[in-house]
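Colleague: Please walk me through the strand pairing here. Keep it brisk.

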Amino acid sequence: MTRGTGRGTSSVAPRSVDVAQLAGVSQKTVSRVFNDEQYVSSDVRRRVLEAAEQLGYRRNNAARALASGRTRSIGVVTLGTALYGPASLLMGVERAVRDTGYALRVVNTMEGDPAGIAGAVDSLLDQGVDGIVISEPIDEEDTDSEVSLRVDVPVLVLGAPSAVAAPTVLTAGDGADMMARTATEHLLDLGHVTVHHLAGPQRWFAARDRLDGWRATLTAHGRDVPPVAEGDWSAASGYRAGRELARDTTVTAVFAANDDMAIGLIRALAEAGRRVPEDISVVGFDDVPVAAYVTPPLTTVRQPFDTVAQEGLKRLVHAVENPAADPLPSSDPPVDLVVRASTAPPPDRTTPAGGGRTPSPVAGGTPSAPLPDGGPPDRH
């Protein structure tokens, strides 16, 4: 899902003219100070720098480049991780930027560094980028604080809220709650009375969105909302959660917040003698390449990384090249549920709870004949 907040936000990044007014000098003098030119007195230099610090003004090298032509570069702030979701989104952004003809500059942040985003943005602005993509999936800030980044180039935020003040702020990739709803609905449609959830770490925006979508779906259907098990995205954490869930004989369906945890969960259930999907159905999230080849092949929600990146970058470049125009309209990416063999009706139940429709063979996840190359079939 993508939306644009547009221009004219209530908190606008300060400009060099604002620094000039506060310091009581001309805008040209401000430019001379930040360009380290001669013939600027120490007193004037001090006043300009103090005014800039007071206003939170950042020197924008991109603005300087506009006088002779844009730098045609996009900066990306991203978490330094090999996890499938963030890494795949970064790859999608790289492909999309290349297609636009812009150069790409990437700065990685480290988990646990609350100042990482601000430092990364400063670094990109010093490189003179024309626009910035913030792909930061973790909430590093104190929720009671109101820290805001002030940037004077257009910004695209991927998948997470961010306190950014910029001429144009666009968001993309924030539809995880709808995908979680689809995964939960699939299990309810099969006849499961309720669905348990193996959540990701709650410092991650995506984990919270998926949990919210799962909970909202159960509530809308009047179903009990079971306690949440929390993992750390790894298969090992899914395995640990699976050992606990296997002891509860009332569990018939689990929605895991990513595929790795779902795979670890299935392994633990198998060791405990709980069959998937005959005893417990499992749905994952992401559609990692191995998901189609585990036993049983995993039903999952495929994330549209390339679609999100392509549309987001198209809108960001439009904002860069048309600063006076309204943002391009956004569209919601399709929710792609990939039904494989890890989901089926619950034991001893042939119709959905509450008198709903009887699941079709496709919805039930019964495997069809193998493909000629031996690969397991996917159904969407």
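Modeller: Two strands pair if DSSP finds at least two bridges between them. Helices (H or I, at least four residues) and strands (E, at least two) are DSSP runs, numbered from the N terminus. This is a predicted model: local features need pLDDT of at least 70, side-chain atom pairs need 80 or more, and totals for chains, interfaces and linings use all residues. Residues are numbered from 1 along each chain as its sequence is written, and side-chain values use heavy atoms, without hydrogens and water.

Colleague: In what order do the six strands of the open sheet stand?

Modeller: The sheet is open and its pairing is mixed. Strand 10 (229-230) and strand 14 (336-338) have a single partner strand each, so they stand at the edges. The order is 10-9-11-12-13-14.

Colleague: Which residue in strand 11 stands opposite Leu 198?

Modeller: Strand 9 (residues 196-199) and strand 11 (residues 253-256) run parallel, joined by three bridges. Opposite Leu 198 stands Ala 256.

Colleague: Which residue in strand 3 is the bridge partner of Leu 79?

Modeller: Leu 79 lies in strand 2. Strand 2 (residues 73-79) pairs with strand 3 (residues 103-109) in the parallel sense, over seven bridges. The chain gets across through helix 5 (residues 84-100), in a right-handed β-α-β crossover (clockwise from the first strand over the helix to the second, with the strands pointing away from the viewer). The bridge partner is Thr 109.

Colleague: What separation do the C-alpha atoms of Leu 79 and Thr 109 have?

Modeller: Along the chain, these residues are 30 apart. Their C-alpha separation is 4.8 Å.

Colleague: Is Leu 79 buried or exposed?

Modeller: Buried means under 20% relative accessible area, exposed over 50%, partly exposed in between (1.4 Å probe, protein chains only). Leu 79 has 4%, so it is buried.
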